[in-house]
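I wanted a first look at this structure before reading anything about it elsewhere. These are my notes, kept in the order in which I looked things up.

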Amino acid sequence: MAEPRKNNIIAVASGKGGVGKTWLAVTLSHLFARSGRHVLLFDGDIGLANVDVQLGLTPQRDLSSVISGRHTLEEAITHYEEGGFDIIAGRSGSATLATLSSEKLEAICEDLKQLQKNYDFVVIDLGAGVEQHVQYLASLAARCIVVITDEPTSLTDAYAFIKITHGNKNAPDVGIVVNQAATQKEGEVTYHSINKACVNFLNISPPLLGIIRRDNKVKDTIRAQKSLLIRAPHSTAATDAAVLSIKLMQK
Ligand SMILES: Nc1ncnc2c1ncn2[C@@H]1O[C@H](COP(=O)(O)OP(=O)(O)O)[C@@H](O)[C@H]1O
Ligand SMILES: [Mg+2]
């Protein structure tokens, strides 16, 4: 199942759902685009897709028509005008990633690997969980951002994801982003707890890529189905995400 290494695909993972993966994938894509990068955001959470929902888009085409064979992956690209980046939307309630045949999944991944040549960054919003299909999509990426919060279940699920990913051939470089941190300091404490488990049990130390503080503006903008960068570009979370995006662009 291993895939050759790519250098411009960034997967956003978490293990646990509800930590802010989709929001971060959207916001990073928007920040990269604002810095002049050509960006494709791929909704890899195929059956519970919500990139389009968070942005209030109703794409004409999405992955379900690719899965059914009506369109190519390239034809399923929607340009998100306000953000200046491209999106391949999933479809909530459609076949989930897990129910896709591995031939179909491999064909989609093959096409995505071709498409990434047209972009500076491809960001994959991965589904929650640690199952094989999620791992397979993650293996396309050179880098994988694991999003955690201070909730114990987030930490255990993220640890499980890192453990399984680490055991795969061609595993992406894993880094940690602490989201919804009360303060920078608390974010560091959260990072240290997962890092300690990784060092002790896996003998690896995934770097801390960034800390994003809890900010009610995130909820407000998701509710309004707008990008945070449009509704509240100077908010705490937008500022923290911008610092992270600069770090990722420098790498
Ligand atoms: N930095 C943040 N501050 C406050 N709330 C946040 C933050 N990041 C995410 N959230 C909340 O978490 C919820 C889940 O986000 P979402 O991106 O859908 O998570 P996931 O994709 O991991 O399931 C959002 O609806 C939002 O309310
Ligand atoms: Mg999500």
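**Ground rules.** I am working with a predicted model, in which local features need pLDDT of at least 70 and side-chain atom pairs count only at pLDDT 80 or more, while totals for chains, interfaces and linings use all residues. Residues are numbered from 1 along each chain as its sequence is written, with chains lettered from A and ligands numbered from 1 in the order in which they are written.

**Whole chain.** I looked up the secondary structure and found 10 helices and 8 strands in the protein chain; these are DSSP runs numbered from the N terminus, helices being H or I with at least four residues and strands E with at least two. The chain is as compact as a globular protein of 251 residues, because its radius of gyration is 17 Å, close to the 18 Å of the globule rule; the radius is taken over C-alpha atoms, and the rule is 2.2 Å times the number of residues to the power 0.38. I noted that the C-alpha trace spans about 50 × 40 × 30 Å along its principal axes.

I then checked burial, where a residue is buried if 20 or more other C-beta atoms lie within 10 Å of its own, exposed if 12 or fewer, and partly exposed in between, with C-beta atoms placed from the backbone. By that count, 45% of the 251 residues are buried. For contacts, two residues qualify if their C-beta atoms, placed from the backbone, lie within 7 Å; among the contacts between residues at least 6 apart in sequence, 77% join residues at least 24 apart.

**Ligand 1.** Which residues come nearest to ligand 1? Of the 17 residues around ligand 1, I list Gly 20, Lys 21, Thr 22, Trp 23 and Val 218 as nearest, a residue being near if its C-beta atom, placed from the backbone, lies within 6 Å. Helix H1 (21-34), strand E7 (173-181) and helix H8 (216-223) are the elements that give two or more residues to this shell. I sorted the shell into 6 nonpolar, 7 polar and 4 charged residues, where Ala, Val, Leu, Ile, Met, Phe, Trp, Tyr, Cys and Pro count as nonpolar, Asp, Glu, Lys and Arg as charged, and the others, Gly among them, as polar.

**Helix H1 against H10.** I followed H1 to helix H10 (residues 236-250), and their axes come within 10 Å and cross at roughly 65°; axes are lines fitted to C-alpha atoms, for helices over the stretch in contact, and angles run from 0 to 180 degrees between N-to-C directions. Leu 24, Thr 27, Leu 28, Leu 31 and Phe 32 of H1 meet Ala 241, Ala 242, Ser 245 and Met 249 of H10, and the residues of this contact divide into 7 nonpolar, 2 polar and no charged.

Is Leu 31 buried or exposed? Leu 31 counts as buried because it has 25 C-beta neighbours inside 10 Å. Leaving out residues up to four places away in sequence, Leu 31 touches Leu 229, Ala 241, Ala 242 and Ser 245.

**Helix H6 against H7.** I found that the axes of H6 (residues 152-167) and H7 (residues 184-202) come within 10 Å and cross at roughly 40°. Among the residues in contact are Leu 155, Ala 158 and Ile 162 of H6 and Ile 194, Ala 197 and Leu 202 of H7; the contact divides into 8 nonpolar, 2 polar and 1 charged.

**Two glutamines with positive phi.** Gln 180 has a positive phi of about 60° although it is not a glycine. I placed Gln 180 in strand E7, where it counts as buried because 24 C-beta neighbours lie inside 10 Å. Gln 225 has a positive phi of about 55°, and it is not a glycine either. Gln 225 is found in the loop between H8 and helix H9 (228-231), and with 13 C-beta neighbours inside 10 Å it counts as partly exposed.

**Gly 56.** Gly 56 lies in the loop between helix H2 (51-54) and helix H3 (63-67). I also noted that Gly 56 and Ile 67 are 11 residues apart in sequence and 23 Å apart in space, C-alpha to C-alpha.
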